[in-house]
Amino acid sequence: MKLTSKLLTAALSGLISVSAFAADFTFKVQSSDPSGDKNFQVQQQWAERVGKMSGGRLEIKLLPVGSVVKHTETLDAIKMGILDGQVTATGYFSGKDPAFGLIGNTVGAWSSTTQLLQYINYGGGYELMTELYAPYGVKFVGGSTTGVESFVSKVPVDGVDDLKGLKLRAPEGLVQKVFAAAGAAPVNLPGSEVFTALSKGVIDAADYTVFSTNQKAGMNDIAQHPVQPGFHSLPLIDISVSQKKWDKLPADLQEILTVSVRDFAQDITTQLRIADLQAVKEASNNPDITIHDWSAEERKKFRAIARSQWEEFAKESDNAMKVYQSVTAYLETNGLL
């Protein structure tokens, strides 16, 4: 971006916003979240911060889910140059390689957002994701998450035995396998259909998202037996971009983008944690809603079932086995198994 001396002086003096000029680099990034969700709103704040941190040189054009392609197709869209990046749940690509399903949501492995982010940033997860995305021409910039997901249910669910025969929504891949192994009857539905399916009795429960999002969407009003804190799911959310476009960025912009993603992870997990606390308080004051908190013993039972499915899932591809070995080694080294 070349500025005349007068324009540069005006911009530096604050008379003209630097953002008024075209960015040197623009990334069209699709999210897996709808624009009305808090997740998307926090992502939008991240995109705006990147613009400010780069002095307007790098612009992130963030698009809500389905704007260009389906949420399961963003990886291919980046490879083909249709999109420049994604903010998405890695597990959505389990159909391409079971490894994405295993690292994207190692069901029952993580008890807090801190544990998952430490594994990604310092325990080998970053290097593994870089390797998994390389064949697609995609650069893994960094990982985030939301929070340990709540469990939405129309009937009381206080432990593993209550899962038997329960018709519930669960994403395809490892999540479905674990619930099936626990005796439930998982149904594959997109997130956009969960509310309707619950209200019409198509399903009785759902693995969906964090408590505050469920509460805001009215899920707890029609499924009045939520489990909180969740016992099962903590998804990896990744921010990734085209490797070709990444390679064209100067080193300082690459560093800005990398650091901004680490900040985003801290930001979104903190904001959602605060929102969850407020939502739990609101739901607790509603006499029609009963919040169920599983005992440590029941959580341990579910985790044992989940771990048996990690092993089975790992056999489905060489990459999945790499993920299994990496995650379990980290958990064991850090006393988390």
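**Stop 1: the largest pocket**

Start with the largest pocket, which has a volume of about 1200 Å³. A pocket is found on a 1 Å grid over the protein atoms alone; it is an open set of points where a 1.4 Å probe fits, with protein on both sides within 12 Å along at least five of seven lines. Lining residues have an atom within 4 Å of a point. Points are joined across faces, edges and corners, and the volume is the space filled by probe spheres set on them.

This is a predicted model: local features need pLDDT of at least 70, side-chain atom pairs count only at pLDDT 80 or more, and totals for chains, interfaces and linings use all residues. Residues are numbered from 1 along each chain as its sequence is written, and side-chain values use heavy atoms, with hydrogens and water left out.

Select Ser32, Tyr92, Arg169, Gly191 and Tyr208. Of the 50 lining residues, these lie nearest the centre of the largest pocket. Now colour α2 (38-53), α4 (98-104), α7 (174-181), α9 (211-216) and α12 (251-284); each gives two or more residues to this lining. Helices (H or I, at least four residues) and strands (E, at least two) are DSSP runs, numbered from the N terminus.

How many of the lining residues are nonpolar, polar and charged? There are 19 nonpolar, 23 polar and 8 charged. Here Ala, Val, Leu, Ile, Met, Phe, Trp, Tyr, Cys and Pro count as nonpolar, Asp, Glu, Lys and Arg as charged, and the others, Gly among them, as polar.

**Stop 2: helix α7**

Stay with α7. Its buried residues are Leu174, Val175, Gln176, Val178 and Phe179; buried means under 20% relative accessible area (1.4 Å probe, protein chains only). Their cover includes α4, β5 (151-153), β6 (167-169), β7 (185-187), β8 (205-207) and α13. Gly183 follows α7, with a positive phi near 100 degrees.

**Stop 3: the second largest pocket**

Next, select Trp110, Ser111, Ser112, Val148 and Gly230. These lie nearest the centre of the second largest pocket, which 25 residues line. The space in this pocket is about 590 Å³. Which helix gives the most to its lining? The answer is α13, with 6 residues. Both α12 and α13 (296-314) supply at least two.

**Stop 4: the open sheet**

Show the strands in the order β2-β1-β3-β9-β4. These 5 strands form an open sheet with mixed pairing; two strands pair if DSSP finds at least two bridges between them. β2 (58-63) and β4 (138-144) are at the edges with a single partner strand each, so one side of each has no neighbour in the sheet. The twist averages 25 degrees from one strand to the next.

Zoom in on β9 (237-242). It runs antiparallel to β4, and 6 bridges join the two. Phe140 stands opposite Ser240, and Lys139 is opposite Val241. β3 also pairs with β9 in the antiparallel sense, over 5 bridges. Is β9 buried or exposed? It is mostly covered, with 6 of its 6 residues buried.

Axes are lines fitted to C-alpha atoms, for helices over the stretch in contact, and angles run from 0 to 180 degrees between N-to-C directions.

**Stop 5: helix α5**

Finish at α5 (113-122). Its buried residues include Thr113, Leu116 and Ile120. Among the elements covering the buried residues of α5 are α6, β4 and α14 (318-333). Just after α5, Gly124 has a positive phi of about 110 degrees.

Definitions and conventions. Buried < 20%, exposed > 50% of the residue type's maximum accessible area, 1.4 Å probe, protein only. Contact = heavy atoms within 4.5 Å.
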